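Let's take a friendly walk through a protein fold, one piece at a time. Keep the structure open beside you and look for each part as it comes up.

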Amino acid sequence: METKTILIKNPIILNPKLDGSVDQYKSSLLIENNKISLINKEIEDSNADYIIDGEGKILMPGLINTHTHLPMVLLRSFADDLNLDSWLNDHIWPMEAHLNSELIYHGSMLGAIEMIKSGTTCFSDMYYYLDDMAKAVDKTGIRAVLSYGMIDLNDSEKREGEFKESISAIKNLHNTCDGRITTMFGPHSIYTTSPELLTRTRKEADKYNVGIHIHMNETKKEIEDSMDLRGLRPFEYLDDLGILSDDIVAAHCVWLSDNEIDLIKKYNVKVSHNPCSNSKLSSGIAPISKLIDNNICVSIGTDGASSNNNLDMFEEMKFAALLQKVNTLNPQVLPASQTFSLATVKGAEALGLNNIGSIEEDKIADLILVDTNTPNFTPNTNACSNIVYSANGSNVNTTICNGEILMENRQILNLNEKEILDNAVDAFNELKRLKTEAE
């Protein structure tokens, strides 16, 4: 829905801060083009081309998912109740080998509307066929940070191909779609890439002035294998290679030593915490409260829907808070306000997108309205606590990204939702057929 100015009247505004606090107040908000132009209780209706009634609703920043694999929604519930090694090697990678550009596009469309309907306006992804993912991002209106997942397995020819794909994506996609798409380099992990790939990634990231997105310290086995192979833990290995810097988003970070936490802090590495996926794959509980105590930037991600099994960041917030409380036996650890910040303004900081993530004049209008007139929001005695502990994605009423209304009153605008769902089912069936034929 294209409008020049949008007035959101009288919502409860929840504005997260980098220090983990949240401001709450009632006001109106005016969007001009793609930015928040005015926050004031007395904005006149005549100032707007379009008016949204915010009474009984919470206005908050769109949620920011800092680690996922969007097309993996096609593999939702395909291989459940397994550990990471078996899940990847025996089930997921054999299916992914048969993906093609059309299947990636349909999976990305499905993932994008799932995010829009559950209040996520920005996601950071590592996958393949980025041109087709970008088409889905463009069509759905969401915001994305895309990185091509590089795996070379010590094969020099494959390594060159991975850099060719990555650099092409960065040249062709960075700062496209009215700035909604940015890019990073995406070395998959230390156990699927060579030291040559990692060191060159650092040089290329510096050259193109983009960040690095990588899986780190996800399982205990990953740590043991690194120690056996190199005598170093994963972050120590990256430090030895000269890779670490403040532009790295490290996903998972479950198994960390004190020295590795010191390295993360020293280089201002950003952490993407994926509590649901880490729980489902029995990888462990990341020491998030300890990272936050060390002033490390922690954000939240869902990981792919094949290991989650959805992209609902409200569920992710609740899991994040509860896991830290039960792990430390301290109910005051990771309170609601701080958890809310991890899923919004800290996510923006992690991705280097400091023009989103909070509600301030002149920031980009990536916003959502949450309906409080629902059973699970009643009574609304503490709006921030209800967002973290009571809400889920279905409470999202309206989603706005880059100043454009993508969903209003639970209806996706300008897209045929049923057609997207039908296409995704067909895509999964085609993927199964391709795998069966190859066997």
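Strand β11 (residues 181–187) and strand β12 (residues 211–216) run parallel and are joined by two bridges. Across this pair, Phe-185 stands opposite Ile-212 in β12. Keep in mind as you look that this is a predicted model.

Is strand β12 buried or exposed? Six of the six residues of β12 are buried, so the strand is largely enclosed by the rest of the structure. In a regular strand the side chains alternate between the two faces of the sheet.

## An open sheet of four strands

Next, find the open sheet whose four strands come in the order β5-β4-β1-β6, with mixed pairing. Which strands stand at the edges? They are β5 (35–40) and β6 (50–53); each has a single partner strand, so one side of each is left without a neighbour in the sheet. On average, neighbouring strands here are turned by 20° against each other, direction ignored.

Inside this sheet, strand β1 (residues 5–9) pairs with β6 in the parallel sense over four bridges. Look for Lys-9, which stands opposite Asp-53 in β6.

Now follow a series of paired strands. Strand β2 (residues 12–16) pairs with β7 in the parallel sense over two bridges, and the bridge partner of Ile-12 in β7 is Ile-58. Five of the five residues of strand β7 (residues 57–61) are buried, so β7 is largely enclosed by the rest of the structure. Five bridges also join β7 to β16, and these two run antiparallel. Here Met-60 has Ile-368 in β16 as its bridge partner.

Strand β16 (residues 367–371) in turn pairs with β17 in the antiparallel sense over four bridges, and Val-370 has Val-396 in β17 as its bridge partner. Six of the six residues of strand β17 (residues 396–401) are buried, so β17 is also largely enclosed by the rest of the structure. Strand β17 is joined to strand β18 (residues 404–408) by three bridges, and the two run antiparallel. Thr-399 stands opposite Met-407 in β18. Two residues lie between the strands of this hairpin, where Asn-402 takes a positive phi near 55°.

## Two crossing helices

How do helices α11 and α14 lie relative to each other? The axes of α11 (residues 313–328) and α14 (residues 383–390) come within 7 Å and cross at roughly 90°. The two helices are therefore roughly perpendicular to each other.

At the contact, Phe-314, Met-317, Lys-318, Ala-321, Leu-322 and Lys-325 in α11 meet Ile-387, Val-388 and Tyr-389 in α14. The residues of this contact divide into seven nonpolar, no polar and two charged.

What does Met-60 touch, leaving aside its neighbours within four places in sequence? Met-60 is in contact with Leu-14, Phe-314, Phe-340, Ile-359, Leu-367, Ile-368, Val-370 and Ile-387.

Key:
Residues are numbered from 1 along each chain as its sequence is written. This is a predicted model: local features need pLDDT of at least 70, side-chain atom pairs count only at pLDDT 80 or more; totals for chains, interfaces and linings use all residues. Side-chain values use heavy atoms; hydrogens and water are left out. Axes are lines fitted to C-alpha atoms, for helices over the stretch in contact, and angles run from 0 to 180 degrees between N-to-C directions. Angles under 35 degrees count as roughly parallel, over 145 as roughly antiparallel, 65 to 115 as roughly perpendicular and the rest as oblique. Contact means heavy atoms within 4.5 Å. Ala, Val, Leu, Ile, Met, Phe, Trp, Tyr, Cys and Pro count as nonpolar, Asp, Glu, Lys and Arg as charged, and the others, Gly among them, as polar. Buried means under 20% relative accessible area, exposed over 50%, partly exposed in between (1.4 Å probe, protein chains only). Two strands pair if DSSP finds at least two bridges between them.
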